[in-house]
Amino acid sequence: MSNIITIGHAKFWREYNKSVFFQFSDDDAFHNLDLNTAKKYIDVMVKLCDGKPMPFIIDLRGFRGTFSTEAASFIAKSPILEKLRISQAFIVNSIGTKLLIASYKRLYDPITPYHIFSDLGLAEQYCLETKNEFHGSC
């Protein structure tokens with residue numbers, strides 16, 4: 001695991017050359033991810049990927065907030081992330097977060113393959129499979 005980078009209530013790291021991990025822990029239901037914070041997140045994602053396309057594991061089990069329209073669009077449509085994102089595995093423990101992700105993917109990012117899990121092990125397996133498929137098709 002590479003060094004953990006923390007921005008506010010978010011932690012980012014890379015597991016060897018397998019996946020980039022994001023873990024959010026803010027139980028404030030009124031928290032709203034804004035555009036400035038989204039830009040910081042993208043800078044960290046780019047640094048962790050080091051120019052290599054990677055699957056992303058996003059752990060939202062400790063997150064209760066939402067995101068601004070600008071932040072969601074910015075992250076989904078980022079040209080640099082479009083080149084680096086192989087797939088996304090979301091880990092959730094609430095139906096509300098699951099619905100938020102489904103809406104986000106439908107509205108902002110219907111292209112990037114994704115799956116929603118309640119178990120880290122299954123999310124890692126999904127990312128390994130999508131990474132193998134990606135590199136096998138190059």
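**Exercise 1. Which residues form one aromatic cluster with Phe12, and where does Phe12 lie?**

Step 1. The cluster is made up of Phe12, Phe22, Phe24, Tyr41 and Phe56. Rings of Phe, Tyr and Trp (its six-membered ring) pair if their centres lie within 6.5 Å; planes under 30 degrees apart count as stacked, over 60 as edge-to-face and the rest as tilted.

Before going on, a note on the source: this is a predicted model, where local features need pLDDT of at least 70, side-chain atom pairs count only at pLDDT 80 or more, and totals for chains, interfaces and linings use all residues. Residues are numbered from 1 along each chain as its sequence is written, and side-chain values use heavy atoms, with hydrogens and water left out.

Step 2. Now place Phe12: strand β2 (residues 10-15) holds this residue. Helices (H or I, at least four residues) and strands (E, at least two) are DSSP runs, numbered from the N terminus.

Step 3. List the contacts of Phe12, meaning heavy atoms within 4.5 Å. Not counting residues up to four places away in sequence, Phe12 touches Asn3, Ile4, Ile5, Ile7, Phe21, Phe22, Tyr41, Val44 and Leu48.

Step 4. Check the accessibility: Phe12 has a relative accessible area of 0% and is buried. Buried means under 20% relative accessible area, exposed over 50%, and partly exposed in between (1.4 Å probe, protein chains only).

**Exercise 2. Describe the aromatic pair of Phe90 and Tyr114.**

Step 1. Start with the whole structure, where a search finds nine aromatic pairs. One of them joins Phe90 and Tyr114, at 6.3 Å centre to centre with 80° between the planes, which is edge-to-face.

Step 2. Find the two partners: Phe90 belongs to strand β7 (residues 85-91) and Tyr114 to strand β8 (residues 114-117), so the pair ties together parts that are 24 residues apart in sequence.

**Exercise 3. Which side chains make a polar contact with that of Asp109?**

Step 1. Locate Asp109 in the loop between α4 (95-107) and β8. Asp109 is buried, with a relative accessible area of 4%.

Step 2. Look for polar contacts (a pair of N or O atoms within 3.5 Å; within protein, one must be able to donate a hydrogen and the other to accept it, and residues adjacent in sequence count only if both atoms are side-chain atoms). The Asp109 side chain reaches the side chain of Lys105 at 2.8 Å and that of Thr112 at 3.1 Å.

Terms used:
Contact = heavy atoms within 4.5 Å.
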